Amino acid sequence: MKEVILSADGDSILYVVPDDVAENLEDYCLEFCSDWLRNSPDAERYRFGKAVCYTEADFIKYLNTYVFPDHESKMIKNLGWTDLGKNLPEEYRNLPYYNF
């Protein structure tokens, strides 16, 4: 398990996720928002006509339920507003970051 930072145009949240997710964060995030949210019957609750509405917490739920049910991703810490990762505290600047 490795740390990543996720946001959805708000606070930056530190999570621990499976190594493969951290090492390929953009791929997993794009699969979630470009394919799963738009095509899976399980994602119906996120759809509003042609629009979808979700947060980084929904991505974590997706990982825990559908992708890595045996390796639970967890929130570690809310880092607050970091201007979409531009103003992260020094200790977090080298972590993978994704804003939905």
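This is a predicted model: local features need pLDDT of at least 70, side-chain atom pairs count only at pLDDT 80 or more; totals for chains, interfaces and linings use all residues.
Overall dimensions next. The C-alpha trace spans about 40 × 30 × 20 Å along its principal axes. The radius of gyration is 13 Å, and a compact globule with 100 residues would come out near 13 Å, so the two agree. Of the 100 residues, 40% are buried. Now contacts. Take those with a separation of 6 or more: residues 24 or more positions apart account for 60% of them.

On to the sheet. What is the strand order? The open sheet has four strands, in the order β5-β2-β1-β6, and its pairing is mixed. Which strands sit at the edges? They are β5, residues 74-80, and β6, residues 97-99; each pairs on one side only. Ignoring direction, neighbouring strands in this sheet are turned by 25° against each other on average.

Two helices pack on this sheet. Helix α2, residues 25-39, touches β1 and β6. The direction of α2 makes about 25° with that of β6. Helix α3, residues 56-67, touches β1 and β2. The direction of α3 makes about 10° with that of β2.

Let me go through the pairings of β2. Strand β1 covers residues 2-7 and strand β2 covers residues 12-17. They pair in the antiparallel sense over five bridges. K2 stands opposite V17 in β2. E3 has V16 of β2 as its bridge partner. Then there is β5: β2 and β5 run antiparallel, joined by five bridges. In that pairing, S12 stands opposite G80 of β5.

How buried is β2? Six of its six residues are buried, so the strand is largely enclosed by the rest of the structure. In a regular strand, side chains alternate between the two faces of the sheet. Here is how that looks in β2. S12, L14 and V16 point one way; I13, Y15 and V17 point the other way; all are buried.

Now the hairpin turn. β1 and β2 form a hairpin with four residues between them. D9 lies in that loop between β1 and β2. D9 is not a glycine, yet its phi is positive, about 60°. Is D9 buried or exposed? D9 counts as exposed because its relative accessibility is 56%, and the threshold is over 50%.

There is another positive phi to look at. D83 is a residue other than glycine, and its phi is near 55°. D83 is found in the loop between β5 and β6. D83 has 29% relative accessibility, so it counts as partly exposed.

S73 is found in the loop between α3 and β5. Its relative accessibility is 3%, so S73 counts as buried. What does S73 touch? Leaving out residues up to four places away in sequence, the contacts of S73 are M1, V16, V17, P18, I60, L63 and N64.

Last, the cysteines. How many disulfides are there? The cut-off is a pair of cysteine sulfur atoms within 2.5 Å. By this rule the count is zero. C33 is in no disulfide; the nearest cysteine sulfur, in C29, is 7.0 Å away. C33 is buried, because its relative accessibility of 12% falls under 20%.

To recap. The open sheet runs β5-β2-β1-β6. Helix α2 and helix α3 pack on that sheet. Strand β2 has six of six residues buried. D9 and D83 carry positive phi values. And the disulfide count is zero.

Methods:
Residues are numbered from 1 along each chain as its sequence is written. Side-chain values use heavy atoms; hydrogens and water are left out. Buried means under 20% relative accessible area, exposed over 50%, partly exposed in between (1.4 Å probe, protein chains only). Two strands pair if DSSP finds at least two bridges between them. Axes are lines fitted to C-alpha atoms, for helices over the stretch in contact, and angles run from 0 to 180 degrees between N-to-C directions. Contact means heavy atoms within 4.5 Å. The radius of gyration is taken over C-alpha atoms; the globule rule is 2.2 Å times the number of residues to the power 0.38.
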